[in-house]
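Let's take a walk through this model together. Have a look at it first, and then we'll go through it piece by piece.

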Amino acid sequence: MEQLKYEILDNLNDYTGKKTTYDSILCDHPLFHGTTLFAIEASAEVVSAFCNHCKIVLRKAKKYTLSLNNREAFYESAEHYCQKSKIAPFWHFIERFEELEDYGYQYGDFYVTTNYLLALEYSKNAGGELGNLAHNAELLLEDLGIDLDLQESISVLKKNYPLFSESERVILIADKIPFDDLKYERGYTLNKDYIDYLYETDFNTNLSFRLLHPEKYQLKLIRKPLFKEGISCFTDIKDVDSFLRTST
């Protein structure tokens, strides 16, 4: 994927109070992509190499798990590690990795969502879902003393993951995207009936799409100081302070 083009927003004035109006050609609802500055500023070669090594780790970790005679003991150890590290259980995703490769773990696919809060969550995934999953797998294997002969890939992860995780979280906005350039998560074309449905429901459901050619568009970038304002601007939440106090 080519380098993305974007402008940094100083405010959200253009979006405040804006209502979505029907347009069967261009999506009139803003679409959000949560990521980090490093992920969009790094060269395609760096990101591609990182993702390829992540896949190597995950494929071999899956193969190792499926070869175990006593998987239950391994699962107990993995669950204990997650509790100790205060992270959500993740090994079931690794067991399904090759199935999931075509569904959300492909480098080059640019996912956007109609849900601003969901994009905020995605921005926490350093290196995307793929990088986050591989990083957690690498730490678990290291904690359990399991050596899968992945020295080169582990070295790349340890060198590059902090570049993602320590980078500033950002939200990219894609405006006025042709529906012809949007696909379902699994790659299917959007038909007119579905486009009509989107406007009837006012895009309130948690919908995600693949944006096929993000490099063609001038995207808008929201930096962290505007995240809070974005909640009141792009959602129905009015008491943002109360929401943030009770939200995870």
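Axes here are lines fitted to C-alpha atoms over the stretch in contact, with angles from 0 to 180 degrees between N-to-C directions. Helices are DSSP runs (H or I, at least four residues), numbered from the N terminus.

Before going on, keep in mind that this is a predicted model, where local features need pLDDT of at least 70, side-chain atom pairs count only at pLDDT 80 or more, and totals for chains, interfaces and linings use all residues. Residues are numbered from 1 along each chain as its sequence is written, and side-chain values use heavy atoms, with hydrogens and water left out.

Back to our pair: the crossing of helix 7 and helix 8 is left-handed (the near helix is turned anticlockwise from the far one by less than a right angle; clockwise would be right-handed). On the helix 7 side, Gly131, Asn132, Ala134, His135, Glu138 and Glu142 meet Ile154, Leu157, Lys158 and Tyr161 of helix 8, contact meaning heavy atoms within 4.5 Å. Sorted by class, that's four nonpolar, three polar and three charged residues. (Ala, Val, Leu, Ile, Met, Phe, Trp, Tyr, Cys and Pro count as nonpolar, Asp, Glu, Lys and Arg as charged, and the others, Gly among them, as polar.)

Helix 7 also packs with helix 2 (residues 44-67), at about 45° and with the axes 9 Å apart. That makes helix 2 oblique to helix 7, and the crossing is left-handed. Phe50, Cys51, Cys54, Lys55, Val57 and Leu58 of helix 2 touch Leu130, Gly131, Leu133, Ala134 and Ala137 of helix 7. This contact has nine nonpolar residues, one polar and one charged.

Then there's helix 3 (residues 71-85), packed with helix 7 at about 110°, their axes 11 Å apart. Helix 3 is therefore roughly perpendicular to helix 7, and passes it in a right-handed crossing. Phe74, Ala78, Tyr81 and Lys84 of helix 3 make the contact with Asn136, Leu139, Leu140 and Asp143 of helix 7.

Conventions
Helix = DSSP H or I, 4+ residues; strand = E, 2+ residues; numbered from the N terminus. Parallel < 35°, antiparallel > 145°, perpendicular 65-115°, else oblique.
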